[in-house]
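Let's walk through this one together, a piece at a time. Have the sequence and the 3D view open as you read.

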Protein chains: 4
Amino acid sequence: MSELAALWSELADIKDELAGRDWFMGTSGNLSIKVAQSGNFLITASGKDKRKKTNEDFLLVDANGNPAEETYLRPSAETLLHTEIYSRTAAGSVLHIHTVENNVISELFGDAGKVVFKGHEIIKATGRWEEDAELVVPIIYNHADIPTLTDEFSHHIHDDAGAVLIRNHGITVWGKTGLEAKKILEACEFLFQYTLVLNQQKAFTTKV
Amino acid sequence: MSELAALWSELADIKDELAGRDWFMGTSGNLSIKVAQSGNFLITASGKDKRKKTNEDFLLVDANGNPAEETYLRPSAETLLHTEIYSRTAAGSVLHIHTVENNVISELFGDAGKVVFKGHEIIKATGRWEEDAELVVPIIYNHADIPTLTDEFSHHIHDDAGAVLIRNHGITVWGKTGLEAKKILEACEFLFQYTLVLNQQKAFTTKV
Amino acid sequence: MSELAALWSELADIKDELAGRDWFMGTSGNLSIKVAQSGNFLITASGKDKRKKTNEDFLLVDANGNPAEETYLRPSAETLLHTEIYSRTAAGSVLHIHTVENNVISELFGDAGKVVFKGHEIIKATGRWEEDAELVVPIIYNHADIPTLTDEFSHHIHDDAGAVLIRNHGITVWGKTGLEAKKILEACEFLFQYTLVLNQQKAFTTKV
Amino acid sequence: MSELAALWSELADIKDELAGRDWFMGTSGNLSIKVAQSGNFLITASGKDKRKKTNEDFLLVDANGNPAEETYLRPSAETLLHTEIYSRTAAGSVLHIHTVENNVISELFGDAGKVVFKGHEIIKATGRWEEDAELVVPIIYNHADIPTLTDEFSHHIHDDAGAVLIRNHGITVWGKTGLEAKKILEACEFLFQYTLVLNQQKAFTTKV
């Protein structure tokens, strides 16, 4: 299998797994994986049903997000966020999804501009192995204009791995490989769910 | 594959996907897809287990909802809602499902007659791309008499795509294609879930 | 396919579907389907992992619940509830499962001895088609002694279809066929979930 | 099939089933199964995506947790907990997973050092069949140092079957076979979910 075919297969597997969790409701979300040295990357084509597996699910684009091959497919409307991350870091994969939980967390903590987690074993999945590691997920405003959104987003790209919430929109994570990005995504969603469930319980405990 | 076979396959895939989410509990719900020019449409047969995939899952009916072929199958008891939508719009597919979340939303907002969403990225999945797009889902009374129900329902059919909640019954959505209808359905269910989760969190935050 | 093989296959499909929803946590639960005239029925063997599909999942027992064939398999410890239902009605299938939701409902409404539903479209799935149909699900004490449990249970067997909750144990439903029993089960679980979600929402609405 | 191949297959099936429930978010968790007399056991290799099924998912280690064969694979970082359980009991399988629910329960009841369940039918799945059987799940502090964690954990290993929560980390269960361990795990998760849902309902009932 060529490198490109292997990357296609890796991204398709990630798409299938996230689709199985209903993390692309309303065909939302977009995913990409970088071809090692070329600067090109595979990204989800716009308007496709992410529950299906076809040979038009992804297309190859260059470092500027323009198709790197002749195609009638259009890259995701939010491709600019992917090019920004790849241009500033050594990330190998970018995943963007909408869940009810990440949307609610982004609304509850949106005015604070971030949500912070500490003292959770699962933080290790984000690559932080110190005993009191803290995970900070910034939350930015959902600018309708993608270049404006990308500009604000870019202030939070400091590392080869990371996660940013866009308010009432979704989460974007990146990592050195597809698996690393997926681990960060799952750790974040786990912590979002934990926070929501614990808050509900405290509502009960505080009262009685 | 003939047009009819392709449409059958498309509707069967939608049925499988929604069944996988348990959106047909108690074999509730009904689905249809229109054959382009004839005015005929495929609709779920009454009384079938929607978890199974058989060649008796759907039957072809005419624009009045009567079988367009010789068959012992009976069209869904709520076929009249489908014929009403197809007769008034250029919709290509109608989906009706019951979820716990859409039933609870229909009860909570039933007296207000509608539930309104704004400031959510996922609203784009319903075809509204303006920055402050509003999604209004009307809620009508669940008349036991289907013609009466259809009459009240018809007041909310203004476009080739739409969504209406029937109180403590379920949601009916329609769109130009099966995929468009499914996107609207998923966006609505996402927003219903979001509303329920956010309300629970506010119960906690407001108190403390 | 013989009648017995067809019934085995029908029960196996129901088992697979319910297992997929995690309705047999801890290998709990038991299922049976009646062989038309003999009075014999197929019932889940004791101690099996209900996530697996094997040719030892069920065994044939007679109307008294004793193996009707030479086998080392033991029928479910709660077989007596099944024989009681088959002896008093024309039911063709009995399903017993544990869910978090049915356990919580049984605890919340246990002192009242029943939980009552009205004004829900999904009640039709239980065979009640009148406009203001009421669904009453009795809740009985979870006697550790199975004959005592069966005796109390038997007071609630009035029809060929029905549902009874056993407190902090689970629900038992029956119907004329496997599909009818499954429809009743799904309708009950839907209404249990609805009740829990609506109550949480009212906690919020009442306060603000 | 050799004994080793049969055990590999049994552990792989358990892994698949738990992965399907998303009980390994962020590739967390670890599983093992003992080879009858040798004292060796198969354990999940470190850093693998538990959603995939490969011939590198597990490796054979000896009673001290060191590879029992030449391999580049590394055993799970928490192998020491497994060796401790196997050295003190006749357990045949150890399962460790992270769920949102077990993490929240560990936080809510962490200061009390345990969570106690009584009067639930599903407690039978843990091997306690007396009428008023009590299930006590100890909760220990999540020491970052694995030997320290193992030392505290070891105080709660009294039997061939058991369950211990590690605060904001996850649950570890063990049983005589893979199926027994899985039954205990499912019973615990069922009871954790039940507790969370019932508490939310009481928040409502108490107030009104």
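**Rings that pair up**

Over all chains, the count of aromatic pairs comes to 16, where rings of Phe, Tyr and Trp (its six-membered ring) pair if their centres lie within 6.5 Å, and planes under 30 degrees apart count as stacked, over 60 as edge-to-face and the rest as tilted. Take A:Phe153 and A:Trp174: their ring centres are 5.9 Å apart and their planes meet at 50°, so this pair is tilted. A:Phe153 belongs to helix α4 (residues 146-154) of chain A and A:Trp174 to strand β8 (residues 170-175) of chain A, so the pair ties together parts that are 21 residues apart in sequence. Helices (H or I, at least four residues) and strands (E, at least two) are DSSP runs, numbered from the N terminus. Both A:Phe153 and A:Trp174 are buried, meaning under 20% relative accessible area, with exposed being over 50% and partly exposed in between (1.4 Å probe, protein chains only).

Over in chain C, C:Phe153 and C:Trp174 make a tilted aromatic pair, with 5.9 Å from centre to centre and 50° between the planes. C:Phe153 and C:Trp174 are both buried.

Before going on, some ground rules: this is a predicted model, in which local features need pLDDT of at least 70 and side-chain atom pairs count only at pLDDT 80 or more, while totals for chains, interfaces and linings use all residues. Residues are numbered from 1 along each chain as its sequence is written, chains are lettered from A and ligands numbered from 1 in the order in which they are written, and side-chain values use heavy atoms, with hydrogens and water left out.

Rings also meet charges here. The charged end of A:Arg21 sits over the ring of A:Trp23, 4.8 Å from its centre; the rule is that NZ of Lys or CZ of Arg is within 6 Å of the ring centre and within 35 degrees of the ring normal. In chain C, the charged end of C:Arg21 sits over the ring of C:Trp23, 4.8 Å from its centre.

**An aspartate that reaches chain B**

Now find A:Asp49, in the loop between β2 (41-44) and β3 (58-61) of chain A. With 12% relative accessibility, A:Asp49 counts as buried. Its side chain reaches the backbone nitrogen of A:Arg51 at 3.0 Å. The side chain of A:Asp49 also makes a polar contact with the side chain of B:Lys182 at 3.2 Å (a pair of N or O atoms within 3.5 Å; within protein, one must be able to donate a hydrogen and the other to accept it, and residues adjacent in sequence count only if both atoms are side-chain atoms). Leaving aside neighbours within four places in sequence, A:Asp49 is in contact (heavy atoms within 4.5 Å) with A:Thr27, B:Glu17, B:Leu179 and B:Lys182.

**How the copies are arranged**

Chain A can be laid on chain D with an RMSD of 0.0 Å by a turn of 90° and a shift of 0.0 Å along the axis, superposing by least squares on the C-alpha atoms of residues with pLDDT of at least 70 in both. The two copies are thus related as by a four-fold rotation axis. In chain A, the C-alpha nearest the axis belongs to A:Gln200, 4.8 Å from it.

Which chains do not touch? Chain B and chain D do not, and their nearest C-alpha atoms are 10 Å apart. No contact joins chain A and chain C either, with their closest C-alpha atoms 10 Å apart.
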